[in-house]
Protein chains: 2
Amino acid sequence: MSLERRRILIETLNIGAQFLKKDVLITGGLGFIGSSLAIKLCELGANVTIIDSLIPTHGGNINNIREISERVIVNYSDLRDIEALKGLVRDKDYIFHLAGQVSHGDSMLNPRNDLEVNCIATINLLESCREYNPNARLIYTSTRQVYGEVSDLPVSESQPVSPIDVNGINKLSGEYYHLLYHRTYSLKSTVLRLTNTYGPRQQIRSNRQGFVGIFIRQALQLEEIKIFGDGTQLRDFNYIDDVVDALLLSSINRDCYGEIFNLGALKKYSIIQFVETIQKILPSVNYKVVNFPEARKVIDIGDYYGDFSKFHKVTGWNPKVDIETGLKHSLKFFSEHPLEYWK
Amino acid sequence: MSLERRRILIETLNIGAQFLKKDVLITGGLGFIGSSLAIKLCELGANVTIIDSLIPTHGGNINNIREISERVIVNYSDLRDIEALKGLVRDKDYIFHLAGQVSHGDSMLNPRNDLEVNCIATINLLESCREYNPNARLIYTSTRQVYGEVSDLPVSESQPVSPIDVNGINKLSGEYYHLLYHRTYSLKSTVLRLTNTYGPRQQIRSNRQGFVGIFIRQALQLEEIKIFGDGTQLRDFNYIDDVVDALLLSSINRDCYGEIFNLGALKKYSIIQFVETIQKILPSVNYKVVNFPEARKVIDIGDYYGDFSKFHKVTGWNPKVDIETGLKHSLKFFSEHPLEYWK
């Protein structure tokens, strides 16, 4: 076993110890990914502080942290207000910056709002860290959307970016800011480009955050699932636990400073295959392939699946949960919590 | 002569006729480039409206339009206020979007302000056009700074972008927004990436807007010119009249819709050669090569000169004014207007 590989394994095995009694700040910590990360960090013995403004359309849900509500501090401030941030970033060992507007459709309807909640918020966070906590580890969750329509698959980080909606443009700016503050002020920032993340606590009530949530809600409500386009578009899906692992691994690895990494899956699926996996679990589910609504079509990116070998090499990360297992967990979770999430 | 070439020539020869009695809006029209464009458009018989908020550090100067003050409408509004814009974009044939913060150093000191005056302003303009004037021709002036440090010279538009300061990031977002609104809403937008533009009306009083202005002021004040680094960094310089021609040509050519173009020069010069050209004109000028101040060094991009063949091919544009002629005009202008510009 190479020394490098050995180091990665030891870091991975010690992942728990790295967070014990550590102070962690999670922006957007009441959202799907933020709350899942908060729960895991509480298990690992960290002191977790959450910032979330609970903007109604953004996906934050106080039910997400019910099981840890006694153990986390929740601060209901808005990252657009830098004064609140200055105090909150102090003395934190880790800062996970997950807050933001993530709906591509909404970003086109209200581009200024998307700019403010993504870019102004990010600049405020970075400026606060620069001034009050330049040693914190800082992880920014970006999105595959920054690549736009891609020609070479799977997509590696060296492919040129070409965002095709306002949200993609603003998330890309957020990446650049993080890298700039690393290069210029030595902030220990890392960018992860997430792909389709799914799982318990995902926002499925509205249609704002991607087709996975919509399909799960339609399945639970026994509605016919509507697939836009022809359903052959390829995607990679990450179960939430794998994404939480990726966030933790990236945060404890020095080789991640100033770097951008794709996440991705071991297998890719067409959207129809994804729905058919739901159907396997809930046989009463039906689906129909329908034309793209015009407003969605212009911002559709076609096939996408990412090459995550760079991240694997540096951290040893591999997604572990296959899609059938992940969807089973998700459907079980949501069927047990109808009022909190979809009814 | 090919038909294509003929068409370009005819368009170029008819450049004047294209603007006669046309309604033109120039954002940042009291600045260096905006005012020079306004003067030229007045000569061509256009009806010019200027928007400028005259933010003290941004370079707007009411003296810039003294010779056309009776013939233009000046609106002192701020593009961050969308309500003012909605009325102003209506019924305009051409909109040149030049307003913004252009100081790289200032963008690092106040990143949020740079974001607001560049990105929020641009989104407001595009949203206003989408709603109230989707047929206007729309030209956005961006900057070579979006490329960051480059490896292949000369730099063509196909080189990956990699901005290395806040201003570069925000100008790049402005480009993406313009292209997005072209693709999504068919706005007739074009992006020009300017390189070092110099000439009469340039802001030379402060050190905010690049070394050319600083050198000219130091020369006029008979101060020793201070060159940072070793002075061998290569640059391409465009005289203002050539840039105004580029703006006009791009605005009347349908093949420019939705495209990005570099400007550039026929010859490149080291910074020392540039200063030595000033010395040729004003022999009493001295210079000294000094170390980079730390804050400037981290955002220096090294050598840069652009490949403008794409723009030449589409519009026939070539820069016409050599550096000695251009600098002579500039030094003469500024020595005739000390109080308005540098004393």
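Guide: Two strands are said to pair if DSSP finds at least two bridges between them. Strands themselves are DSSP runs of E with at least two residues, and helices are runs of H or I with at least four, each numbered from the N terminus. The model is predicted: local features require pLDDT of at least 70 and side-chain atom pairs pLDDT 80 or more, whereas totals for chains, interfaces and linings use all residues. Residues are numbered from 1 along each chain as its sequence is written, while chains are lettered from A and ligands numbered from 1 in the order in which they are written.

Visitor: How do you know that strand β2 of chain B and β3(B) are joined, and how do they run?

Guide: Four bridges join β2 (residues 47–51) of chain B to β3(B), and the two run parallel. Pairing requires at least two bridges, so β2(B) and β3(B) count as a pair. B:Val48 stands opposite B:Val72 of β3(B).

Visitor: What makes β3 and β11 of chain B edge strands?

Guide: In chain B, seven strands form an open sheet in the order β3-β2-β1-β4-β5-β6-β11, with parallel pairing. β3 (72–75) and β11 (260–262) each pair on one side only, and these are the edge strands. Neighbouring strands of this sheet are turned by 20 degrees against each other on average, direction ignored.

Visitor: What is the order of strands in the sheet of chain A?

Guide: The open sheet of chain A has seven strands, ordered β3-β2-β1-β4-β5-β6-β11, and its pairing is parallel. Its edge strands are β3 (72–75) and β11 (260–262). Within chain A, seven bridges join β5 (residues 137–143) to β6 (residues 188–194). In β6(A), A:Leu192 is the bridge partner of A:Thr141.

Visitor: Which strands of chain B does helix α8 lie across?

Guide: Helix α8 (residues 240–251) of chain B lies across β4, β5, β6 (188–194) and β11, running at about 155 degrees to β6(B). Such angles run from 0 to 180 degrees between N-to-C directions, with axes fitted to C-alpha atoms, for helices over the stretch in contact. Helix α2 (residues 32–43) of chain B lies across β1 (23–27), β2, β3, β4 (94–97) and β5 (137–143), at about 165 degrees to β2(B).

Visitor: Why is A:Lys21 called exposed?

Guide: A residue is exposed if 12 or fewer other C-beta atoms, placed from the backbone, lie within 10 Å of its own, buried if 20 or more do, and partly exposed in between. A:Lys21 has 9 such atoms within 10 Å, and therefore counts as exposed. Phi of A:Lys21 is near 60 degrees, a positive value in a residue other than glycine. A:Lys21 is placed in the loop between α1 (3–13) and β1 of chain A.

Visitor: What makes B:Leu222 count as exposed?

Guide: B:Leu222 has 10 C-beta neighbours inside 10 Å, so it falls under the limit of 12 or fewer and is exposed. Its phi is positive, about 55 degrees, although it is not a glycine. B:Leu222 lies in the loop between α7 (211–220) and β8 (225–228) of chain B.

Visitor: Which residues have the most contacts inside the largest nonpolar core?

Guide: A nonpolar core is a set of buried Ala, Val, Leu, Ile, Met, Phe, Trp, Tyr and Cys residues joined through C-beta atoms within 7 Å. The largest has 187 residues, and those with the most contacts inside it are A:Ile26, A:Ala38, A:Leu247, B:Ile26, B:Ala38 and B:Leu247. Residues are in contact if their C-beta atoms, placed from the backbone, lie within 7 Å. Leaving aside neighbours within four places in sequence, B:Ile26 is in contact with residues including B:Leu37, B:Val48 and B:Phe96.

Visitor: How do you know that the two copies are related as by a two-fold rotation axis?

Guide: A rotation of 180 degrees with 0.0 Å of shift along its axis superposes chain B on chain A, with RMSD 0.0 Å. The superposition is by least squares on the C-alpha atoms of residues with pLDDT of at least 70 in both copies. The two copies are therefore related as by a two-fold rotation axis. In chain B, the C-alpha of B:Pro160 is nearest the axis, 3.2 Å from it.

Visitor: How many residues of chain B are in contact with chain A?

Guide: 20 residues of chain B are in contact with 20 residues of chain A. α6(B) gives the most to this side of chain B, with eight residues.

Key. Two residues are in contact if their C-beta atoms, placed from the backbone, lie within 7 Å.
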